[in-house]
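The structure comes first, followed by the notes.

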Amino acid sequence: MAALLLVPLGQPRAQPVLQSPVTPACVSSPFGMRHAVGPHAPAAFHNGIDLPAPAGALVHAAAAGRVLIIKRQGLGGVTVHLEHPGGMITLYAHLGNLVPAIAEGKRNVAAGEPLGHVARTGVTYGTHVFFAVLVNGQAVDPLTYLAVPRC
């Protein structure tokens with residue numbers, strides 16, 4: 001598995017390190033504090049980004065990695081966590097069904113490999129993928145490693 005180059009926060013980088021989990025992609029809800037978006041999503045810190053996509057669209061691995069966790073997780077619904085070199089974990093939430101290879105136990109994935117499909121599991125107000133990046137256990141703004149514009 002190729003190593004990811006992790007660039008310290010605030011430092012410029014030559015190119016994005018991660019691929020977008022969905023295409024085309026734009027950020028409808030950014031990382032950071034946000035206002036209440038409904039009765040089940042109060043004002044709180046949003047530790048990832050929302051990428052709107054149609055129901056059934058494929059969700060892809062943002063980088064090569066190892067499937068660490070697959071679970072149904074309260075607000076996030078069906079969630080996949082991938083572990084990458086350098087202490088990075090990427091998280092993909094609100095998935096519907098997983099692709100057969102992942103559902104049947106495949107644990108190593110290539111960058112861009114399908115993981116599952118966009119759905120409305122968990123608490124959502126429209127079809128999207130919640131995408132988060134953790135570095136050494138700390139949530140960081142995915143846009144530090146990903147080139148995706150605001151919607």
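## Backbone and core

H94 is buried, with a relative accessible area of 6%. The model is a predicted one. H94 lies in strand β7 and has a positive phi of about 75°, although H94 is not a glycine.

N136 also has a positive phi, of about 50°, and is not a glycine either. N136 sits in the loop between β10 and β11 (138–140). N136 counts as exposed because its relative accessibility is 65%, and the cut-off for exposed is over 50%.

The two residues are set out below.

| Residue | Phi | Relative accessible area | Location |
|---|---|---|---|
| H94 | about 75° | 6% | strand β7 |
| N136 | about 50° | 65% | loop between β10 and β11 |

A further backbone feature is the cis peptide bond joining T23 and P24, with omega about -10°. P24 is found in the segment before β1 (32–34).

Which residues of the largest nonpolar core touch the most other members? They are L18, V22, L82, Y92, L115, F131 and V133, out of 32 residues in that core. At least two residues of this core come from each of β3 (49–52), β6 (77–84), β7 (88–98), β9 (114–118) and β10 (128–135). In soluble globular proteins, nonpolar side chains tend to be buried together.

L82 can be followed in detail. Apart from its neighbours within four places in sequence, L82 is in contact with A61, A63, R66, V67, L68, M88, I89, T90, Y92, V109 and L115. Y92 and L115, both in that contact list, are also among the core residues that touch the most other members.

Notes
Residues numbered from 1 in each chain as written. Predicted model: local features only at pLDDT ≥ 70, side-chain atom pairs only at ≥ 80, totals over all residues. Heavy atoms only, no water. Core = buried A, V, L, I, M, F, W, Y, C linked by side-chain atoms within 4.5 Å. Buried < 20%, exposed > 50% of the residue type's maximum accessible area, 1.4 Å probe, protein only. Helix = DSSP H or I, 4+ residues; strand = E, 2+ residues; numbered from the N terminus. Contact = heavy atoms within 4.5 Å.
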